[in-house]
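Please read them alongside the coordinates.

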Amino acid sequence: EGMRTLASSSFFTNLSSLDMRVNAIGAAGMQIFAASSFFTNLTSLDVSTNEIGDEGIKAFAASSFFPSLTSLEVRGNEIRAAGIQALIASPFFPNLTTLDASSNQIGAEGMQALAASRFFTNLASLLA
């Protein structure tokens, strides 16, 4: 309910930074947020510790509504290798310089995918 209200509000079109840490967003909430076209000016997003899991991060990775994002924090979200692989295979984050995906379960497979990413070449800071 709360995420649907936030994601459908046009009052946030100029927002550049959004911190939604520890809000029990879940995969469904992240899917709703990812479908919102009102956050195109976001440069920094923190959705740490929200149990978004692979399904939530996959929905976010498939969204083209965050082209200005330079910093993404998704730590502690039960993301596994499949989720991180979807994120780093996404061409929709060309300006991302900071990624915090620590305290997830991405394992060796996810780390290898991060190292081989062809889209995340601008990363200057990585926590995994």
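1. Contacts of Ser36. With neighbours within four places in sequence set aside, Ser36 is in contact with Ala7 and Phe65. The model is a predicted one, and the points here should be read with that in mind.

2. Helix α2. Which residues of α2 are buried? They are Gly26, Gly29, Met30, Phe33 and Ala34. Viewed down the axis of α2, these buried residues fall within an arc of 135°, and therefore they line one face of the helix.

3. Packing of α2. The partners of the buried residues of α2 are α1 (2-7), β1 (17-19), β2 and α3 (53-61).

4. Ser44. Strand β2 contains Ser44. Is Ser44 buried or partly exposed? With a relative accessible area of 22%, Ser44 is partly exposed, because the buried class requires a value under 20%.

5. Contacts and distance of Ser44. Apart from neighbours within four places in sequence, Ser44 is in contact with Ser16, Ser17, Leu18, Leu69 and Ser71. For Ser44 and Ser10, the separation is 34 residues in sequence and 18 Å in space, taken C-alpha to C-alpha.

How values were computed. Residues are numbered from 1 along each chain as its sequence is written. This is a predicted model: local features need pLDDT of at least 70, side-chain atom pairs count only at pLDDT 80 or more; totals for chains, interfaces and linings use all residues. Side-chain values use heavy atoms; hydrogens and water are left out. Contact means heavy atoms within 4.5 Å. Buried means under 20% relative accessible area, exposed over 50%, partly exposed in between (1.4 Å probe, protein chains only). Helices (H or I, at least four residues) and strands (E, at least two) are DSSP runs, numbered from the N terminus. The arc is that of the directions from the helix axis to the C-beta atoms.
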